Each structure stands twice: as C-alpha cells, then as structure tokens.
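Let's take a friendly walk through a protein model, one part at a time. Keep the picture open as you read, and try to find each residue as it comes up.

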Amino acid sequence: MDPKLLNQIKQFATTIRIEQMKEFKVRGFGHVGGALSITDTFAVLYEAVMKYDPKNPTWEDRDKLVCSKGHAGPALYATLALKGFFPMDWLNTLNIPGTKLPSHCDRNQTPGIDMTTGSLGQGMSTSLGLCLGDRIQGRDNYTYLIVGDGELNEGQIWEGAQFAGHQKLDHLIAFCDYNKKQLDGYTKDILDQIDIAAKFESFGWDAQEIDGQDAEAIYEAIQKAKVTPGKPHMIVLNTIKGAGVKAVEDMTANHHIVVSAELADQAIADLEKLLSEQKG
Ligand SMILES: Cc1ncc(C[n+]2csc(CCOP(=O)(O)OP(=O)(O)O)c2C)c(N)n1
Ligand SMILES: [Mg+2]
C-alpha cells in the first residue's frame, strides 16, 4: 500500500485517540477499553475506504457503518468530528444531559451515525437490513459492521449470520473486535467463542483474521474482501482492549473506567509525542 496513505491513516488514528481521551477527560469516566481497541479500524475506514459526505450525512449512495458495540461511540464521535460531520466542540458534551453525543450511538441524535445501537446483537440484524435494502435499490455501496467478541454471545448474531450467508450479502464487511475481554472478564471464561473465523465460514461467510491494530493489515483485508464475491465478509481483528494508551492496556478490568485528569493528560501527552514522530 502507498506509504504516504498508510502514514496518513496512522496519524489519523493517533488524532482520534487524542480527541477521545479529551472527551473522556471532560466526562470523567467511560467505555474506554473498547473504544480504543477499535480506533485503528475507524481510522482506516474514514480516512481511506468509505464513501461519504459530511455535508450530507444521509446521502443515499454513501457507505454505511453500524457500530453494533454502541458503547464505542466516543471513538466514532471523534472520527466523525475530525471529518467535519459536526463541530469539534460537541466532543466536550459527551454523555451529559441534552447532548447530541450520548454514551451509545443514536442515529436520531448525531450526524454521521447510521444506526442506533447499544443493545448488543441488534446491529447485526440492522446492518443486514441496510445492506439488503441497498442491494434491492441497485446501489453498489458497502455496509460496514462492528461487533465485539463478547457481543458474539448474543443469539441474534447467529440468526443474522445465517441470513447474511443465505442472502450472499457480499457488500457487508463485518469486523469482530477480538480484544479477548468483555464487560466483566475474559471472553474465553464467560462464553468462549473458540474459532470465530471458522464459525462464520461455516455460516457461508468469507473470513479473515488479522492484527486489528495494524492499519495496513486492516486496509488490505478490506481490499481482499471486496474482490471476493458471493459471500458476506468477517474480518476478525486481534486487538488489545485499551490499545494505544498504556495505562488502560495494563488494567485488567478496563471496560468502563474512571478517567482521572492525570490519566487523560498523560495519555494525551504520550499520543501527541507519537503524532509528532509520525509527522516526521
Ligand atoms: C443485550 C445487551 N446485554 C448486555 C449489555 C451490557 N454490556 C455492555 S458492553 C458489554 C460487554 C461487551 O463486550 P464486547 O462485545 O467484547 O465489547 P468490547 O470488549 O469491544 O468493549 C455488555 C455485556 C448490553 N449493552 N446489551
Ligand atoms: Mg471484547
């Protein structure tokens, strides 16, 4: 892949992390771990892959994104604000009464949010509806879906997996944020999904498993999915819950945490240093 584009994506990922840590600092708590682990995927999608228009967020021919693990909203809000969907200062209002940026994604509140999510499992079904609807309308755009590894415990995921396989929804590109943890423990201890890629393959999907913090691997996996017709796509992202902020990565329980000013300031300073190195 073009090294300039790769560097641009990496800088964007770092900037998204900086902005989300600022959001969490204002609120003082939040779903930090699972927002950070999916950040590199948002950076690739919005910097280099998706077709969208920030001035016309409901443009019918856009690619759509359903963040079914709706608690990762803060990472998506930072991404959308940086891309011009709404003013940056909205980010200071995360999850406060009257905000347009609630803790979980809400399509009626936030420009650029394509689907309301938060009740885990449902985003699988709604993304299939969006994708099938576009196919019926004769559009050739893509629907991107993000699910968590703990979220795979939901039965609704597997109903959707069967339906997508049956319908051969090849314009659906799903990612599983396989960060090995869920709300209150390790996914393998709570309800082990064993081999996620093999399971989706058995439901008629095309599946890949990659390093989910590697922007180049994410970009290449999407390109590969796009030239593999006739099946929906699952890209299993091996990630670290809290990725990119050492103090959060090191916490055993990092799903929903208190974010002190000290923690946020240290993270922002480290990320700003990284960003200046990336800028060269
Ligand atoms: C139907 C439903 N049950 C329970 C919850 C509470 N809940 C919120 S996040 C979460 C854990 C999700 O784990 P995972 O999908 O692995 O997310 P990540 O690790 O990416 O944060 C749970 C159980 C919910 N939001 N919806
Ligand atoms: Mg998880």
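## Two helices side by side

In this predicted model, the axes of helix H5 (residues 122–136) and helix H6 (residues 155–167) cross at roughly 20 degrees. H5 and H6 are therefore roughly parallel to each other, since angles under 35 degrees count as roughly parallel. Their axes come within 7 Å, and H5 passes H6 in a left-handed crossing. Two packed helices are described by the angle between their axes and the distance between the axes.

Which residues of H5 and H6 meet? On the H5 side they are Gln122, Met124, Ser125, Leu128 and Leu132. Their partners in H6 are Gln156, Ile157, Gly160, Phe163, Ala164 and Gln167. Sorted by class, the residues of this contact between H5 and H6 are six nonpolar, five polar and no charged.

## A closer look at leucine 132

Leucine 132 sits in helix H5. Is leucine 132 buried, exposed or partly exposed? It counts as partly exposed, because it has 17 C-beta neighbours inside 10 Å, and a residue needs 20 or more to be buried.

If you leave aside neighbours within four places in sequence, leucine 132 is in contact with Gln167 and Leu169. Leucine 132 and leucine 169 are 37 residues apart along the chain, yet 7.1 Å separates their C-alpha atoms.

## The enclosed helix H4

How many of the ten residues of helix H4 (residues 73–82) are buried? Ten of the ten are, so H4 is largely enclosed by the rest of the structure. The buried residues include Gly73, Pro74, Tyr77 and Leu82.

What surrounds them? The buried residues of H4 pack against helix H1 (3–27), helix H2 (32–37) and helix H3 (39–49), and also against strand E1 (29–30) and strand E2 (64–67). After H4 comes glycine 84, which has a positive phi, near 90 degrees.

## How H3 meets H4

The axes of H3 and H4 come within 10 Å and cross at roughly 30 degrees. That makes H3 roughly parallel to H4. The crossing of these two helices, H3 and H4, is right-handed.

In this contact, Thr39, Phe42 and Tyr46 of H3 meet Ala75, Leu76 and Thr79 of H4. By class, the contact of H3 with H4 has four nonpolar residues, two polar ones and no charged ones.

Beyond its neighbours within four places in sequence, proline 102 is in contact with Asn95 and Gln109. Proline 102 and histidine 71 are 31 residues apart in sequence, and their C-alpha atoms are 9.3 Å apart in space.

Lysine 100 belongs to the loop between H4 and H5 as well. Lysine 100 is partly exposed, with 15 other C-beta atoms within 10 Å. Not counting residues up to four places away in sequence, lysine 100 touches Trp90, Gln109 and Thr110. The C-alpha atoms of lysine 100 and proline 111 are separated by 8.9 Å, and these residues are eleven places apart along the chain. Asparagine 95 is also found in the loop between H4 and H5, and counts as partly exposed with 19 C-beta neighbours inside 10 Å.

## Backbone angles to notice

Most residues other than glycine have a negative phi. Against that background, asparagine 95 has a positive phi of about 60 degrees although it is not a glycine.

Lysine 168 is not a glycine either, and has a positive phi of about 50 degrees. You can find lysine 168 in the loop between H6 and strand E4 (172–178). Lysine 168 is partly exposed, with 15 other C-beta atoms within 10 Å.

## Around ligand 1

Which residues come nearest to ligand 1? Of the 20 residues around ligand 1, these are Gly34, Gly148, Gly150, Glu151 and Gln182.

Helix H2 gives the largest share of the shell around ligand 1, with three residues. By class, this shell around ligand 1 has two nonpolar, twelve polar and six charged residues.

How values were computed
Residues are numbered from 1 along each chain as its sequence is written. Chains are lettered from A and ligands numbered from 1 in the order in which they are written. This is a predicted model: local features need pLDDT of at least 70, side-chain atom pairs count only at pLDDT 80 or more; totals for chains, interfaces and linings use all residues. A residue is buried if 20 or more other C-beta atoms lie within 10 Å of its own, exposed if 12 or fewer, and partly exposed in between; C-beta atoms are placed from the backbone. Helices (H or I, at least four residues) and strands (E, at least two) are DSSP runs, numbered from the N terminus. Two residues are in contact if their C-beta atoms, placed from the backbone, lie within 7 Å. A residue is near a molecule or strand if its C-beta atom, placed from the backbone, lies within 6 Å of it. Ala, Val, Leu, Ile, Met, Phe, Trp, Tyr, Cys and Pro count as nonpolar, Asp, Glu, Lys and Arg as charged, and the others, Gly among them, as polar. Axes are lines fitted to C-alpha atoms, for helices over the stretch in contact, and angles run from 0 to 180 degrees between N-to-C directions. Angles under 35 degrees count as roughly parallel, over 145 as roughly antiparallel, 65 to 115 as roughly perpendicular and the rest as oblique. A crossing is left-handed if the near helix is turned anticlockwise from the far one by less than a right angle, and right-handed if clockwise.
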